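Okay, everyone, thanks for coming. Let me put the structure up, and then we'll walk through the helices and the charged pairs.

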Amino acid sequence: MSFQEYTLTDVSDKVNDLHNMSTFLNSGAYTEEIGNKLTFHMMEEIETLQSMLSFIRIYPQIKAQEQLESLQKEPTHEN
C-alpha cells in the first residue's frame, strides 16, 4: 500500500498556514474576489489537514498490521 506519510511537523506547518490566511482575511485588506478565492483555498487546506490528522491517527494501526503480515510471511524453521 502506498500513501503519503505525515508528521506532527507537517500538521503544525499546515495549521500555521491556515492561521496566516485567517489573519489576512480578518484584516479586510483584500478585494472581494481575492477573499472568495482565499476562503475556498482555506477550505481545501482544512480538508488536507483533516486527512493528515486521520493518517496520524491510524498510522500506528497500519504499521502494526504490516508487521504482523511480515511476521506471518517469515518461514518457520523446524528441526
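Before we start, one term: when I say partly exposed, I mean a relative accessible area between the cut-offs, with buried being under 20% and exposed over 50%. And keep in mind that this is a predicted model.

So, E66: with 33% relative accessibility, E66 counts as partly exposed. K63, at 34%, is partly exposed as well. These two form a salt bridge, with the closest N and O atoms 3.2 Å apart. Both sit in helix α2, three residues apart, which is about one turn of the helix.

How many salt bridges does the structure hold? Three. Another one is E33 with K37, at 3.0 Å between the closest N and O atoms. That pair also lies in α2, four residues apart. Here E33 is exposed at 52% relative accessibility, and K37 is exposed at 54%.

Then there's K14 with E45, where the side chains meet at 2.4 Å, N to O. This pair links distant parts of the chain, with K14 in helix α1 and E45 in helix α2, 31 residues apart. Buried or exposed, K14? Buried, at 15% relative accessibility, and E45 is buried too, at 14%.

Now the helices themselves. α1 covers residues 8–27, and it packs on α2 at about 160 degrees, with the axes 10 Å apart. The two are therefore roughly antiparallel, and the crossing is left-handed.

How values were computed:
Residues are numbered from 1 along each chain as its sequence is written. This is a predicted model: local features need pLDDT of at least 70, side-chain atom pairs count only at pLDDT 80 or more; totals for chains, interfaces and linings use all residues. Side-chain values use heavy atoms; hydrogens and water are left out. Axes are lines fitted to C-alpha atoms, for helices over the stretch in contact, and angles run from 0 to 180 degrees between N-to-C directions. Angles under 35 degrees count as roughly parallel, over 145 as roughly antiparallel, 65 to 115 as roughly perpendicular and the rest as oblique. A crossing is left-handed if the near helix is turned anticlockwise from the far one by less than a right angle, and right-handed if clockwise. A salt bridge is a side-chain nitrogen of Lys or Arg within 4 Å of a carboxyl oxygen of Asp or Glu. Buried means under 20% relative accessible area, exposed over 50%, partly exposed in between (1.4 Å probe, protein chains only).
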